[in-house]
Amino acid sequence: MHIPRKPFLAVALSLCSFGAVAQQPQHLFFRVTAGPKITTPVSGRLLIFLTPGSGAKQMDENPFQPTAVSVAAKDVSDLTAGASVEVDTDDVAFPAGFSSLKPGDYQAQAVLDVNHDYNYVGRSAGDLVSEVVSLASFTPGQGAEPAFTLNDVAPGRPSPPDPPGFEKSSHLEDFVSPALTAFSGRPMHVRAWVITPPDYDEHPKDRYPTVYWTHGFGGELNGAKFFGAMLFNMMAKKQMPPMIWVMLDESCPTGTHEFDDSVNNGPWGSALTKEYIPYLEKKYRMDARPSGRFLQGHSSGGWATLQLQVDYPAIFGGTWSTSPDPSDFHDFTGIDLYAQHANVYHRQDGTPYPIIRDHGKVIGTFEQFARNERVLGPYGGQVASFEWVFSPRGQDGRPVPMFDRETGDVDPAVIAYWHDHYDLAHIVQTTWTQRGPELRGKIHVFVGTADTFYLDGAAHKMDAVLKALDADAHFTYIPDRTHFDLYTIYKEGGDPKGDRYGLFRQIGAEMYAVARPHSNWKAAE
């Protein structure tokens with residue numbers, strides 16, 4: 001039977017067992033054509049972004065307005081110049097299929113994510129992009145099929161200029177790890193920018209305390225260099241004590257590997273502690289002892305550094321972790337993963353679990369966050385990134401999902417694995433006899449009471465565990481601070497905008513006091 005198709009509205013038909021025709025939901029198709037700038041076949045995840053209104057120059061998803069942008073996706077392979085692909089905007093879409101849009105004025109843009117990393121960094125260098133197409137007076141199912149041409153190539157992110165003197169103090173250290181290479185079967189690199197103090201060369205006999213810093217979710221090597229330049233500037237202005245900062249890159253195709261050993265990502269913790277750090281300590285004048293080896297990071301970097309301190313307490317002399325990802329899975333952004341019939345989408349009474357807030361206002365739910373991530377692609381999203389680190393490996397070679405993406409139901413077997421291997425509060429509590437002597441007094445955590453992702457809840461739970469162990473841990477809860485303004489320090493009579501990175505200065509001074517307890521170093525005003 002041949003059913004003529006309307007201009008861009010496909011009506012799916014099927015035959016029931018009695019031969020009658022049953023009409024299925026209508027599907028809306030958009031056409032995307034590869035432009036002439038494509039000189040070789042390209043593949044990737046094709047994304048179409050759509051919002052109400054007009055006049056936008058660029059369109060992207062926004063996790064802080066999760067339903068403001070509609071997105072549809074389709075994987076494409078070997079697309080050549082002039083070739084077109086039909087995207088079913090009701091097949092894989094968020095927050096709903098495009099055919100459910102109300103009539104009105106819209107605008108849309110197509111992006112081919114050639115690196116499969118949009119979930120992690122957004123559009124990146126080499127992605128193919130169309131112009132923003134106006135869909136004025138648009139009614140799904142009526143008029144001509146919306147058409148897009150991939151005619152532009154997304155540029156790389158511009159790098160800010162380096163501060164004076166930074167070039168001689170910044171060193172890219174790219175190390176091929178034998179352990180990670182053996183795991184992956186191909187060369188695997190541990191990368192970091194090593195930032196030496198401004199007067200490092202002028203004091204050839206001096207050794208320096210060393211801080212191993214790593215970024216949060218969405219960060220990468222260039223961003224690590226940016227923060228290294230900022231820390232160098234602080235040292236140059238005598239606002240930060242002279243230390244070596246190792247700005248580690250923990251990004252990977254699956255998100256962030258957290259510098260933890262994982263059956264999915266590989267032995268990143270072992271590679272760092274047994275290979276990379278010894279390599280650096282032979283090359284640079286580092287203290288090379290626990291009392292001069294520190295950790296620092298924010299968000300996912302906060303969890304990574306907290307984990308490294310817990311797992312390697314005899315190697316590091318302390319971590320100063322800020323807004324770490326959940327360290328106790330009794331409070332996974334507000335969700336008790338160990339509860340009977342646990343569900344990450346909704347509570348027992350059916351109310352949704354929030355995951356993003358602006359102080360007291362809920363901005364997005366866990367379900368919205370997860371469903372949007374699923375449309376953007378299977379790699380590099382925040383939720384999937386947790387599974388690539390924490391989950392057991394499935395028969396398909398991928399991590400076993402922690403929860404059902406359709407229903408939100410938690411898999412108790414997977415959570416049992418998470419509990420035994422990655423719940424830091426549990427690990428500390430059950431191994432304190434072995435870890436305690438080396439770990440006592442070394443944990444410092446800072447988090448805002450209004451953390452954007454509800455990360456203060458897990459911090460409180462781990463704090464309680466450590467208090468019960470008499471671990472001499474230091475947890476600081478900064479009133480009304482979010483995930484993004486935690487580092488700002490306000491001084492009476494000072495800049496009303498505050499010192500945006502003031503907490504860095506405080507943390508640096510605290511680390512230096514541990515490494516050099518008899519030093520009289522004081523920060524310049």
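Analyst: The second largest pocket has a volume of about 470 Å³, where a pocket is an open set of points on a 1 Å grid over the protein atoms alone, each point fitting a 1.4 Å probe and having protein on both sides within 12 Å along at least five of seven lines, and the volume is the space filled by probe spheres set on points joined across faces, edges and corners. The model is predicted, so local features need pLDDT of at least 70 and side-chain atom pairs count only at pLDDT 80 or more, while totals for chains, interfaces and linings use all residues. Residues are numbered from 1 along each chain as its sequence is written, and side-chain values use heavy atoms, without hydrogens and water.

Helix 2 (178–184), strand 13 (189–195) and strand 16 (251–252) each give the lining at least two residues, with strand 13 supplying the largest share, three residues; helices (H or I, at least four residues) and strands (E, at least two) are DSSP runs numbered from the N terminus. By residue class, the lining holds eight nonpolar, eight polar and four charged residues, with Ala, Val, Leu, Ile, Met, Phe, Trp, Tyr, Cys and Pro counted as nonpolar, Asp, Glu, Lys and Arg as charged, and the others, Gly among them, as polar.

As for the setting, the protein chain has 12 helices and 25 strands, and 53% of its 525 residues are buried, that is, under 20% relative accessible area with a 1.4 Å probe, protein chains only.

Note on methods: 1 Å grid on protein atoms, 1.4 Å probe; cavity = no way out; pocket = protein on both sides within 12 Å on 5 of 7 lines; lining within 4 Å. Buried < 20%, exposed > 50% of the residue type's maximum accessible area, 1.4 Å probe, protein only.
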